[in-house]
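The sequence and the structure come next, followed by the description.

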Amino acid sequence: MLPGESVRRWFHRFSKIFSIEKRFRNTVALDETVVKLHGLRVYIWSALDVDSGEVLAIYASWSRNMIVAMKFVRIVLDRCLNKPLIIVDKSPWYRWALDRIGLKYQYQRFSVRNIVERFFGYLK
């Protein structure tokens, strides 16, 4: 099976949870994880709508820092009609990016943020 075929099958299997529609969002959970790809570290950023469980954005980067966090948050906001409450962990890059953009956010280690952690389980 070709590598592109695997991605196509994965997308069709999970396409119902992906959202590309711009609409009002109450709460969005953000997180990132590291995966190894051909021996290199790649950071996968993910945002999910807490209420609907829809995946709003996935982004891959070679680094994990404040600039990448800001770029990712802007991608997420493109899928929102409003400025939703953002749920994050205590990673320093989120606070800087969210303060610069002017978004309200909360730190949570478990609870609502578990939705994005479960998604990473499916991804890996």
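A salt bridge is counted where a side-chain nitrogen of Lys or Arg lies within 4 Å of a carboxyl oxygen of Asp or Glu. Searching the whole structure by this rule gives five salt bridges. Some of them are taken up again below.

The model is a predicted one, in which local features need pLDDT of at least 70 and side-chain atom pairs count only at pLDDT 80 or more, while totals for chains, interfaces and linings use all residues. Residues are numbered from 1 along each chain as its sequence is written, and side-chain values use heavy atoms, with hydrogens and water left out.

**Confidence and overall make-up**

The predictor's confidence in each residue is given as pLDDT, on a scale from 0 to 100. The average for the protein is 81, and 73% of the residues score at least 70. Where pLDDT is low, the predicted coordinates should not be read in detail.

Helices (H or I, at least four residues) and strands (E, at least two) are DSSP runs, numbered from the N terminus. The protein has four helices and five strands, and along the sequence they follow the pattern α-β-β-β-α-β-α-β-α.

A residue is called buried under 20% relative accessible area, exposed over 50%, and partly exposed in between, with a 1.4 Å probe and protein chains only. Of the 124 residues in the protein, 40% are buried. The protein exposes about 7700 Å², of which carbon and sulfur atoms supply 56%; these areas come from the Shrake-Rupley method with a 1.4 Å probe, and for residues only the protein chains shown count as cover.

**The sheet**

Two strands are taken as paired if DSSP finds at least two bridges between them. The five strands form an open sheet with mixed pairing, in the order 3-2-1-4-5. Strand 3 (55–61) and strand 5 (105–107) are at the edges with a single partner strand each, so one side of each has no neighbour in the sheet. From one strand to the next, the twist averages 25°.

Strand 1 (residues 27–37) pairs with strand 2 (residues 40–49) in the antiparallel sense over ten bridges. Within this pairing, Ala 29 has Leu 48 of strand 2 as its bridge partner, and Thr 33 has Ile 44. The hairpin of strand 1 and strand 2 has two residues between the strands, and His 38 in this hairpin takes a positive phi near 55°.

Strand 2 also pairs with strand 3, again in the antiparallel sense, over six bridges. Here Ser 46 stands opposite Ile 58 in strand 3. Five residues lie between the strands in this second hairpin, where Gly 53 has a positive phi near 80°. Strand 2 is mostly covered, with eight of its ten residues buried.

Helix 2 (residues 66–77) lies across strand 1, strand 2 and strand 3, and runs at about 155° to strand 3. Axes are lines fitted to C-alpha atoms, for helices over the stretch in contact, and angles run from 0 to 180 degrees between N-to-C directions. Contact means heavy atoms within 4.5 Å. Of the contacts in the protein with a separation of 6 or more, 54% are between residues 24 or more positions apart.

**Salt bridges**

Side chains of opposite charge can pair when their charged atoms come close.

| Pair | Closest N to O distance |
|---|---|
| Asp 49 and Arg 25 | 3.1 Å |
| Arg 64 and Glu 32 | 3.5 Å |

Asp 49 in strand 2 and Arg 25 in the loop between helix 1 and strand 1 are 24 residues apart, and the pair links distant parts of the chain. Asp 49 counts as buried because its relative accessibility is 3%, and Arg 25 counts as buried at 1%.

Arg 64, in the loop between strand 3 and helix 2, and Glu 32, in strand 1, are 32 residues apart and also link distant parts of the chain. Arg 64 is partly exposed, with a relative accessible area of 32%, whereas Glu 32 is buried at 8%.

Arg 95 and Asp 99 both lie in helix 3 (residues 92–101), four residues apart, which is about one turn of the helix. Arg 95 is partly exposed at 48%, and Asp 99 is partly exposed at 41%. Elsewhere, salt bridges that share partners join Arg 23, Arg 25, Asp 49 and Glu 54 into one network.
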